[in-house]
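Subject: Structure handover

Hello,

Here is the structure you are taking over. My notes on what was found in it follow below.

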Amino acid sequence: MDSDQRQESVGVDDIAPVIAPGHDYSTVTDQISTIVLTRRTPRQWLIGFSIAFVVSMALLYSIAYLLLKGTGIWGINNPVGWGFAIINFVWWIGIGHAGTLISAILLLLRQQWRTSINRFAEAMTLFAVACAGLFPILHMGRPWLAYWLVPYPNTMDTWPQPRSPLVWDVFAVTTYGTVSALFWFVGLIPDLATLRDRATSLLAKKIYGILAMGWRGSARHWYRYETAYLLLAGLATPLVVSVHTVVSFDFAISIVPGWHATIFPPYFVAGAIYAGFAMVLTLSIPLRAFYNLGDFITMRHIDNMAKIMLATGLIVGYGYIVEAFMAWYSGHPAEIYMIANRLQGPYRYVFWALILCNVILIQTLWSARVRRNVILLWFISIVVGIGMWLERFVIVVTSLHRDYLPSSWGMYYPTFWDWSTYIGTIGLFCALLFLFLRFLPMISIFEMRTIVPQDGAPKH
Amino acid sequence: MNPSASSRGPVDFDSLRELLARSRGREYWRSLEELAQTPQFRRQLENEFPPGILDAPNALNRRRLLQLMGASLGLAGLSACTRQPPEKIVPYVRAPEEFVPGRPLYYATGWAVSGVALGVLVESHMGRPTKVEGNPEHPGSLGATDAFAQASILSLYDPDRAKVVMRLGRISGWVNFLAAVEQERERLLARRGAGFWILTETVTSPTLAAQLGKLLAQFPEARWRQYEPVGNDSARQGAILAFGQPANTIYRFRDARVVLSLDADFLGCGPGSVRYARDFIAGRRPEGAETAMNRLYVVEPAPSVTGSMADHRLPATNAGIDRFARALAARLGIASPGADESLHGDFLAAVAGDLRANAGASVVVAGAEQPASVHALAHAMNQALGNTGKTVLHTDPLEAQPADQAASLRELAEEMAARRVDTLLILGGNPVYTAPADLQFRERLDSVRLRIHSSLYEEETSELCHWSLPEVHPYESWGDARAYDGAVTLMQPLVAPLYAGKSPLEIVAAFNGEPSKTDRDLVREYWQGQRPGGDFESFWNKSVHDGFIEGSALPAKSPPLNAGFAAGLPAPPQDDGIEVSIRPDPTIWDGRFANNGWLQELPKPVTKLTWDNPALVSPALAERLQLRTGDVITINLENRSVRAPVWILPGHADQAVTVHLGYGRTRGGHIAAGAGFNAYPLRTSTRPWSASGARIEKTGRRVSLACTQNHHSMEGRPLVRAATLEEFRKEPDFAQHMGHEPDPSHALFPVFQYEGYKWGMSIDLNACTGCSACVIACQAENNIPVVGRNEVIRGREMHWIRVDRYFSDDLDNPAIHTQPIPCMHCETAPCEVVCPVNATVHSGEGLNQMVYNRCVGTRYCANNCPYKVRRFNFYLYADWDTPSLKLLRNPDVTVRSRGVMEKCTYCVQRINAARIESEKEDRAIRDGDIVPACAQACPTQAIVFGDLNDPSSRVAGLSKDPRNYGILTELNTRPRTTYLARLRNPNPALEKG
């Protein structure tokens with residue numbers, strides 16, 4: 001890293017540093033690696049992981065029941081063919097976006113404040129994509145044939161139908177998952193080597209050693225590493241935009257009033273980043289407190305994330321306005337009715353709750369006092385997470401339940417299994433996150449070391 | 001271990017003890033030999049594997065490899081096979097004539113409800129009937145059917161049917177029953193039949209009547225009574241009132257220019273409705289600008305199929321209809337007591353004026369549920385208008401023995417109460433469930449010494465009888481019955497009885513001392529007796545082939561009107577609180593179809609409800625009583641009460657509540673039991689159809705009702721396009737200006753050119769009555785499953801064609817529009833582009849095809865279908881297990897499994913069958929060769945299917961009709977199912993504004 005630039009970037013922002021003063025290379029390494037290498041598993045971790053694990057078993061049970069009985073166990077029906085499954089899919093995918101954005105775009109833009117949050121944001125991305133990826137498969141009537149959406153030479157002599165956005169989805173999501181995993185793993189290599197070197201138990205040494213892939217930290221290693229990491233960042237950058245654009249096509253390509261809108265791609269991408277940053281805040285604020293990471297995840301980080309949330313939240317709000325405008329401008333009775341139905345129909349409570357969560361409450365983030373109040377900010381981030389889920393509910397359900405022929409209008413009521421599957425994925429997400437916290441450094445050690453103020457000479 | 005091992009050598013116990021003492025930890029040993037490690041034991045261990053196996057790999061050579069592989073392959077093949085049960089395959093030594101495997105045969109037979117037969121053709125695949133079609137030559141059908149006839153095939157295979165003879169709840173057999181009959185006969189012969197009562201449903205069958213006559217001749221003191229819960233007692237009484245004799249009335253709607261229905265649902269149900277619908281619509285087809293249309297006035301309490309077709313509809317209570325009839329009669333010059341001519345001022349004047357202007361070409365038709373006075377007045381009005389003999393004909397009654405059935409049943413009940421009924425033979429019917437409440441039939445039945453009941457199901461009545469006999473289904477037996485015009489319809493079996501059933505003819509024959517006679521012998525002998533001399537064989541063969549006896553329709557007669565009868569009528573009933581109006585259910589009828597899943601799940605034509613029979617009330621009454629749809633109320637009438645959920649129905653008469661019969665069964669199959677509430681307790685033998693003075697109380701409970709359409713307004717969208725005849729004359733293509741259709745040439749890609757066939761469908765909304773026969777026809781043809789009440793509540797019904805119903809205008813008396821919606825087979829189908837796996841594709845003939853095997857069930861196609869015609873198998877809805885239902889399936893149509901989408905195919909199996917025929921004959925498919933199931937069943941021929949590329953085809957002609965339009969064309973879907981706009985012919989005198 002270029003040290004001049006680093007000093008400059010630190011110097012410019014005199015509000016708060018990206019790392020608390022008084023840290024040197026060894027304190028950074030110690031503090032972060034001890035969380036992983038400690039022999040004693042904290043009791044709170046055990047409790048938290050157990051709860052998350054039990055909830056993820058509910059997911060397993062729900063999936064088993066689903067495969068046994070069919071999608072009929074959910075509340076979906078004839079006008080509303082997609083319900084919680086697709087809502088959750090879009091929600092989880094959206095949450096994943098912050099990771100990629102932080103890792104790739106902020107890296108390319110040399111926003112060094114990203115350093116202390118990128119690792120677990122990437123992990124979060126990966127776990128969110130894992131949760132998201134379950135839903136499109138589970139929501140199918142015959143999930144065991146999901147591989148038919150993948151193009152492969154077969155005796156049926158049939159390929160996927162390339163005009164369907166669901167096929168694009170397969171590519172978008174698998175690419176996203178692969179690149180996210182690669183990016184995360186490559187970023188971990190130097191730290192895995194650190195853990196290998198510091199681990200006391202033989203098993204940990206072996207496992208971290210295998211995962212570190214022979215990393216020795218030579219100059220040549222570092223040189224190649226930096227190049228590879230930048231290239232991966234370059235690869236991941238378009239994904240930030242492409243994945244949710246493709247996901248939005250699932251709706252925008254259709255002719256359903258409320259779905260068929262050209263605003264969807266940018267509006268979905270903004271919404272995804274919005275939800276993603278909300279989730280990073282939701283996770284980092286308690287982690288920071290629990291693991292005493294206030295020195296690394298400073299108020300500067302918190303403040304920046306809140307600002308991004310505000311900015312993307314405003315774009316999302318703009319999206320709502322444009323949707324309504326375009327419906328009116330189309331002059332089509334079904335489009336106009338769709339907006340009226342959102343505002344006044346049977347799901348109006350969901351819509352107004354969404355407006356409250358996503359548009360009204362975040363206006364408080366204009367105030368720096370709110371942005372710096374971590375507890376308040378934590379609540380707002382949760383509210384945004386809920387709001388973004390409600391937004392997908394509004395898009396999926398209220399558009400479908402009353403479309404063109406009033407004779408076919410219906411209602412959608414989620415069932416127990418809808419909820420258990422959804423909550424189960426939250427459990428899975430948390431369980432994976434707990435495992436990650438316990439076994440891998442949640443903050444990039446080597447990258448943190450690069451932003452330690454260089455008073456003394458490097459220790460190595 | 002081998003027990004003989006110990007004999008191989010002595011065991012040194014001392015050394016063993018030493019060995020064990022030396023060993024550390026716990027030593028496990030299997031036998032003393034093992035412990036001792038004797039050489040014999042070692043040898044034996046090694047010998048566990050037979051020589052040659054352990055070292056086989058070393059010795060493997062090409063021969064050995066091939067041997068082993070061959071053997072493994074053979075063994076693998078063996079293990080993969082399940083042992084097939086032994087089956088004897090017997091080829092036809094002499095194949096039946098025209099019997100070609102894979103090709104269906106059609107046999108003419110009949111289907112009777114309440115004794116009135118509809119001639120049908122039943123499709124039979126390899127000896128198993130699968131589908132019912134109308135008999136084009138039968139006067140009552142003309143090729144069409146109603147929903148009941150379509151669903152009759154499901155009753156045949158109903159797994160809940162009564163299967164065995166039961167005696168006192170235990171399985172018995174026909175042999176035992178016949179022995180008991182023999183014993184009973186001796187007893188009865190000695191008493192000349194005193195105390196022997198026979199209760200049947202309405203008997204129009206000449207053979208059964210002859211059999212019963214023979215029985216009564218043997219047992220002169222025996223009594224034969226008939227009872228039909230939904231019978232035509234009041235029509236009979238009305239005829240007696242007007243003519244002094246019972247008469248059957250038939251109408252010629254084709255020749256009528258003005259029709260007034262006094263609560264007669266002649267288009268929806270009841271005798272002759274299939275034929276009447278055809279005739280009525282024939283008088284309404286607009287042809288060109290100079291077209292003439294008949295005009296229909298309907299006065300009725302609850303909107304019916306006929307009411308939805310009305311040009312002017314007047315909601316009125318039953319009492320109100322009576323008063324209306326008197327007032328109208330007075331206007332037409334018939335003195336009737338209590339006539340208030342000021343009633344319904346404009347409406348009455350307009351109707352009277354219109355009827356008078358079309359004297360001789362009008363019809364006044366009274367509904368079976370109206371009292372005798374209304375029927376008599378209708379006869380008088382028709383006479384006064386000169387309609388009688390032109391549009392209204394009278395014949396002798398259809399029944400072999402016309403009688404006041406309510407009175408007969410009352411007589412039987414009183415005899416039972418007086419313990420004078422010794423033996424009761426109930427042939428069909430379910431009187432314990434259907435008898436009027438005041439007769440206390442259930443309680444009184446107990447006094448009868450020997451009770452015998454024969455029926456299709458084990459029902460409430462069977463439960464209380466000593467002998468419960470399984471009856472044959474009409475498609476399993478020989479029989480005859482009269483059609484609406486008296487034509488004798490012959491019934492022949494399509495299949496040997498599935499269960500040990502016997503026909504009523506055979507049961508009566510057993511009592512006649514002829515237990516060995518089969519139903520075929522009996523029918524044949526009867527008709528042979530009617531035709532002495534002549535060539536009976538050819539007469540018989542022709543009649544069986546045709547399905548009816550030619551020239552057997554009852555001759556028209558003109559009984560003289562009993563002048564002055566009207567003056568003798570009692571004073572008209574006055575409104576007294578809330579009136580309860582009792583009607584047969586539109587799909588379950590009197591309860592006889594309660595175990596038929598197709599009919600249970602068929603949305604009722606006006607309410608679109610399934611699986612339930614709520615109490616229908618008007619919006620105004622609901623407002624007054626503060627009722628919401630789904631509220632459970634108690635309806636109290638005199639000292640009887642029932643509990644029912646409320647359904648608010650626009651267009652219902654105010655101050656009245658309509659309940660439907662047939663629900664609330666406790667026995668009769670697992671589908672029948674538990675659905676809806678039983679309305680029979682509200683019924684008395686004197687007031688079977690309506691009673692005033694009801695009190696309604698809210699219970700505070702609420703239930704959800706399974707309705708397939710919860711939204712009743714078109715929201716201003718031009719879906720059903722309608723105009724008055726006047727507007728149509730001015731602008732025949734009005735419908736085409738009500739929507740927008742993008743120019744196909746604006747598309748990025750050139751429009752696909754269809755070289756060969758280009759299938760299309762046209763649905764005439766002016767002809768559609770909403771009767772829903774098409775829905776059941778489609779269900780039967782396409783193996784569509786029944787999903788059940790809860791799944792309908794969740795919006796998961798599977799019908800491929802549905803009949804949408806919209807209300808418009810006035811809430812209290814709305815116009816009712818119906819619109820059948822099959823798949824539109826859009827040219828640019830939105831479903832096709834979004835399917836990720838090519839499971840729904842467009843054929844080269846324009847069909848939007850569904851490939852079940854390829855479908856993975858993303859449901860995106862259903863979301864993107866603006867017509868919402870796609871149906872998804874959320875669960876495994878099709879019954880894959882019940883053996884009898886497997887026989888029911890159409891072998892030409894796939895039975896779908898869980899997780900796949902399905903929808904209307906335009907009956908592609910019929911298209912392909914016609915294609916094969918045409919290719920065999922080296923010709924093109926002719927117009928009319930392909931008739932989809934919906935079109936075939938339609939009584940009014942509203943649905944026309946054909947090749948749009950053939951300029952001479954009917955559908956191509958209709959596509960150029962000025963009334964032709966597509967719905968949602970602004971989405972550029974370019975549907976190939978198009979509609980012909982609806983026309984109304986209002987009376988200018990009544991058209992406001």
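Of the 460 residues in chain A, 50% are buried; a residue counts as buried if 20 or more other C-beta atoms lie within 10 Å of its own, as exposed if 12 or fewer do, and as partly exposed in between, with C-beta atoms placed from the backbone.

Before the rest, some bookkeeping. This is a predicted model, in which local features need pLDDT of at least 70 and side-chain atom pairs count only at pLDDT 80 or more, while totals for chains, interfaces and linings use all residues. Residues are numbered from 1 along each chain as its sequence is written, and chains are lettered from A and ligands numbered from 1 in the order in which they are written.

Confidence

The model scores ipTM 0.91 and pTM 0.87. In chain B the mean pLDDT (the predictor's confidence in each residue, from 0 to 100) is 88, and 92% of the residues reach 70 or more. Residues 1–8 of chain B stay under 50, and the model has five contacts for them beyond four places in sequence; a contact means that the C-beta atoms of two residues, placed from the backbone, lie within 7 Å. The pLDDT is also below 50 over residues 52–56 of chain B, a stretch with one contact in the model beyond near neighbours in sequence.

Chain A

Chain A has 16 helices and zero strands. Helices (H or I, at least four residues) and strands (E, at least two) are DSSP runs, numbered from the N terminus. The C-alpha trace of chain A spans about 75 × 55 × 40 Å along its principal axes. Its radius of gyration is 23 Å, which agrees with the value near 23 Å for a compact globule of 460 residues; the radius is taken over C-alpha atoms, and the globule rule is 2.2 Å times the number of residues to the power 0.38. Of the contacts in chain A with a separation of 6 or more, 83% are between residues 24 or more positions apart.

Chain B

Chain B comes to 32 helices and 38 strands. Its C-alpha trace spans about 130 × 90 × 70 Å along the principal axes. Of its 993 residues, 55% count as buried. Residues 24 or more positions apart make up 73% of the chain B contacts with a separation of 6 or more.

One open sheet in chain B has seven strands in the order E5-E4-E16-E15-E14-E6-E7, with mixed pairing; two strands pair if DSSP finds at least two bridges between them. Strands E5 (170–171) and E7 (223–226) of chain B stand at the edges with a single partner strand each, so one side of each has no neighbour in the sheet. Within this sheet, strand E14 (residues 423–427) of chain B runs parallel to strand E15 (residues 450–455) of chain B, joined by five bridges. There B:Thr423 stands opposite B:Leu450.

B:Val617 stands opposite B:Ile648 in E23(B). Strand E22 (residues 631–637) of chain B pairs with E23(B) in the antiparallel sense over six bridges, with B:Val632 opposite B:Pro645. E22(B) and E23(B) form a hairpin with two residues between them, and B:Glu638 in the turn has a positive phi of about 50 degrees.

Buried positions

The largest nonpolar core has 415 residues, and A:Tyr274, B:Leu262 and B:Ala329 have the most contacts inside it. Such a core is a set of buried Ala, Val, Leu, Ile, Met, Phe, Trp, Tyr and Cys residues joined through C-beta atoms within 7 Å. Beyond four places in sequence, the contacts of B:Ala329 include B:Ile334, B:Leu377 and B:Ala566.

B:Thr769 lies in the loop between strand E28 (759–764) and helix H25 (773–781) of chain B. B:Thr769 is buried because 25 other C-beta atoms lie within 10 Å. Among the residues that B:Thr769 touches, not counting those up to four places away in sequence, are B:Leu267, B:Val305 and B:Thr940. B:Ser304 is 465 residues from B:Thr769 in sequence, but 9.8 Å from it in space, C-alpha to C-alpha.

The interface

Between the chains, 42 residues of chain B are in contact with 39 residues of chain A. On the chain B side, the elements giving two or more residues are helix H27 (830–834) and helix H28 (860–864), and H28(B) gives the largest share, four residues.

Regards
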